[in-house]
Amino acid sequence: MSAAEAKTSEQQEMAMIAQKYKALRSHVNDLAQKISDLESDKHEHALVVRTISKMEPTRRCYRSISGVLVERTVSEVLPAVQKNLEAISELIITLSKQLADKEKEAEAFRVKHNISFG
């Protein structure tokens with residue numbers, strides 16, 4: 001193998017390493033964005049729970065299900081919204097753990113391959 005081929009091979013390897021690191025960082029950013037979106041949804045669900053829990057159970061309310069507005073009573077809607085709130089909270093915890101793991105993986109990859117910025 002000539003010196004030019006070795007240099008080209010090394011450049012290709014460096015490009016692959018940079019591409020893998022960029023993909024890891026992109027995945028970290030995607031997870032962080034998803035967590036942010038879920039935090040917003042969690043806040044909205046909590047607001048709804050606080051608001052309708054003070055109302056009479058027989059009072060009519062409207063809920064959007066798959067883009068369709070459905071009339072229900074507070075006693076029907078409140079448990080469903082609370083269940084969704086719990087599910088969102090659990091998902092946030094799971095994604096936060098995944099985010100921490102991915103951040104560690106990306107940092108270890110950066111250190112291993114001596115990637116620096118600047």
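Q: How many aromatic pairs does the structure hold?
A: This is a predicted model, and the rings in question are those of Tyr21 and Phe109, which form a stacked pair. Counting aromatic pairs in the structure gives one.

Q: What is the angle between the planes of Tyr21 and Phe109?
A: A pair of aromatic rings is described by the distance of the centres and the angle of the planes. For Tyr21 and Phe109 the distance is 6.4 Å centre to centre. Planes under 30 degrees apart count as stacked, and this pair is stacked, with an angle of 10°.

Q: How many residues apart are Tyr21 and Phe109?
A: Both residues are buried, and the pair they form links distant parts of the chain. Tyr21 belongs to helix H1 and Phe109 to helix H2, and their separation in residues is 88.

Q: Is Glu76 buried, partly exposed or exposed?
A: Glu76 has its place in helix H2, and its relative accessible area is 48%. Buried means under 20% and exposed means over 50%, with partly exposed in between, so Glu76 is partly exposed.

Q: What distance separates the C-alpha atoms of Glu76 and Cys61?
A: Cys61 is one of the residues of the largest nonpolar core, and among the residues it touches are Val74 and Val77. Glu76 and Cys61 are 15 residues apart along the chain, and their C-alpha atoms are separated by 9.3 Å.

Conventions
Residues are numbered from 1 along each chain as its sequence is written. This is a predicted model: local features need pLDDT of at least 70, side-chain atom pairs count only at pLDDT 80 or more; totals for chains, interfaces and linings use all residues. Side-chain values use heavy atoms; hydrogens and water are left out. A nonpolar core is a set of buried Ala, Val, Leu, Ile, Met, Phe, Trp, Tyr and Cys residues joined through side-chain atoms within 4.5 Å. Buried means under 20% relative accessible area, exposed over 50%, partly exposed in between (1.4 Å probe, protein chains only). Contact means heavy atoms within 4.5 Å. Helices (H or I, at least four residues) and strands (E, at least two) are DSSP runs, numbered from the N terminus. Rings of Phe, Tyr and Trp (its six-membered ring) pair if their centres lie within 6.5 Å; planes under 30 degrees apart count as stacked, over 60 as edge-to-face and the rest as tilted. Lists of a residue's contacts leave out its neighbours within four places in sequence.
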